Amino acid sequence: MHVNPRALIAPMMLVFTSGAAVAQQATAPRIAYVNPQALFQSAPGRAEAEAAYKKETDSYRIELSKMSDALTAMVSDFQKNQAKLTPADKGKRQLAIQAKEDTLRGRQQELEAQAGERQSQLMAPIMEAVRKVLEDIRAEDGYAMILSSEPGSSPILAADKNLDITERVIARLKTIAAAKPAAPLKPPGAPAAAPSGVTRPKPPGA
């Protein structure tokens with residue numbers, strides 16, 4: 001499961017601010033930062049979520065591959081025999097090919113939407129755990145805010161390495177995960193898929 005940490009994590013943890021903390025430390029607010037990519041890679045449950053996602057979507061990649069193969073065979077048969085077809089039959093074949101191509105395209109879009117929804121479902125509890133640990137540490141240490149230091153997109157150009165609490169957040173997440181049994185990943189209400197790599201053959205005459 002290819003997940004963009006910037007898309008899933010960084011927006012959540014860009015800034016955690018407490019009005020009370022800012023008011024109490026108006027002269028010298030405490031600030032820390034984390035690397036969201038490192039948090040995502042080390043977050044407990046991520047590997048299990050990715051494995052569940054792959055297992056649930058593999059059969060749908062196969063489905064799309066079979067649909068694509070059937071369309072390819074239909075186009076190939078048409079190209080081999082079109083010289084012998086009457087104009088009426090040729091038109092019928094072309095319409096059938098176009099209809100099958102439309103069906104494949106529609107199914108691919110449907111499965112891609114289901115895949116995105118399922119990915120969000122699997123990642124939601126992991127992201128919520130990260131958010132909670134960040135807020136807990138922010139409150140415990142009196143940080144006014146915790147910034148994202150994602151490489152390549154962070155507004156932080158230079159900072160004291162001692163302000164980086166990434167490893168502390170990871171350690172807290174692992175401690176929490178070890179203290180309670182892992183909840184089973186519930187299957188989706190509807191199958192999901194992450195179709196990719198299916199190339200539609202060109203329709204006749206294209």
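**Exercise 1. Packing of H5 and H6**

Task: In this predicted model, find the angle at which H5 and H6 pack and how far apart their axes are.

Solution: 
- Two packed helices are described by the angle between their axes and the distance between the axes.
- For H5 and H6, the angle is about 175° and the axes are 10 Å apart.
- An angle over 145 degrees counts as roughly antiparallel.
- H5 and H6 are therefore roughly antiparallel to each other.
- Sorted by class, the residues in the contact of H5 with H6 are 19 nonpolar, five polar and ten charged.

**Exercise 2. A salt bridge of glutamate 56**

Task: State which residue forms a salt bridge with glutamate 56, and which helices the two residues lie in.

Solution: 
- Side chains of opposite charge can pair when their charged atoms come close.
- The partner of glutamate 56 is arginine 118, with 2.7 Å between the closest N and O atoms.
- Glutamate 56 belongs to helix H5 (residues 46-81) and arginine 118 to helix H6 (residues 87-141), so this pair ties together parts that are 62 residues apart in sequence.
- As for accessibility, glutamate 56 and arginine 118 are both buried.

**Exercise 3. Salt bridges of arginine 105**

Task: Arginine 105 forms a salt bridge with glutamate 101 and another with aspartate 102.

Solution: 
- Between glutamate 101 and arginine 105, the N to O distance is 3.8 Å.
- These two residues are four apart in helix H6, so about one helical turn separates glutamate 101 from arginine 105.
- Between aspartate 102 and arginine 105, the closest N and O atoms are 3.0 Å apart.
- Aspartate 102 and arginine 105 are three residues apart in helix H6, again about one turn.
- Buried means under 20% relative accessible area and exposed means over 50%, with partly exposed in between.
- Glutamate 101 has 8% relative accessibility and so counts as buried.
- Arginine 105, at 28%, is partly exposed.
- Aspartate 102, at 37%, is partly exposed.

**Exercise 4. Count and network**

Task: Give the count of salt bridges, and name the residues linked with Glu140 in a network of them.

Solution: 
- The cut-off is a nitrogen-to-oxygen distance within 4 Å.
- The count by this rule is 15 salt bridges.
- Glu140 is linked with Asp141, Arg168 and Arg172 in a network of salt bridges.

Technical notes: Residues numbered from 1 in each chain as written. Predicted model: local features only at pLDDT ≥ 70, side-chain atom pairs only at ≥ 80, totals over all residues. Heavy atoms only, no water. Salt bridge = Lys/Arg side-chain N within 4 Å of Asp/Glu carboxyl O. Buried < 20%, exposed > 50% of the residue type's maximum accessible area, 1.4 Å probe, protein only. Axes fitted to C-alpha atoms, helices over the stretch in contact; angles between N-to-C directions. Parallel < 35°, antiparallel > 145°, perpendicular 65-115°, else oblique. Nonpolar A, V, L, I, M, F, W, Y, C, P; charged D, E, K, R; others polar.
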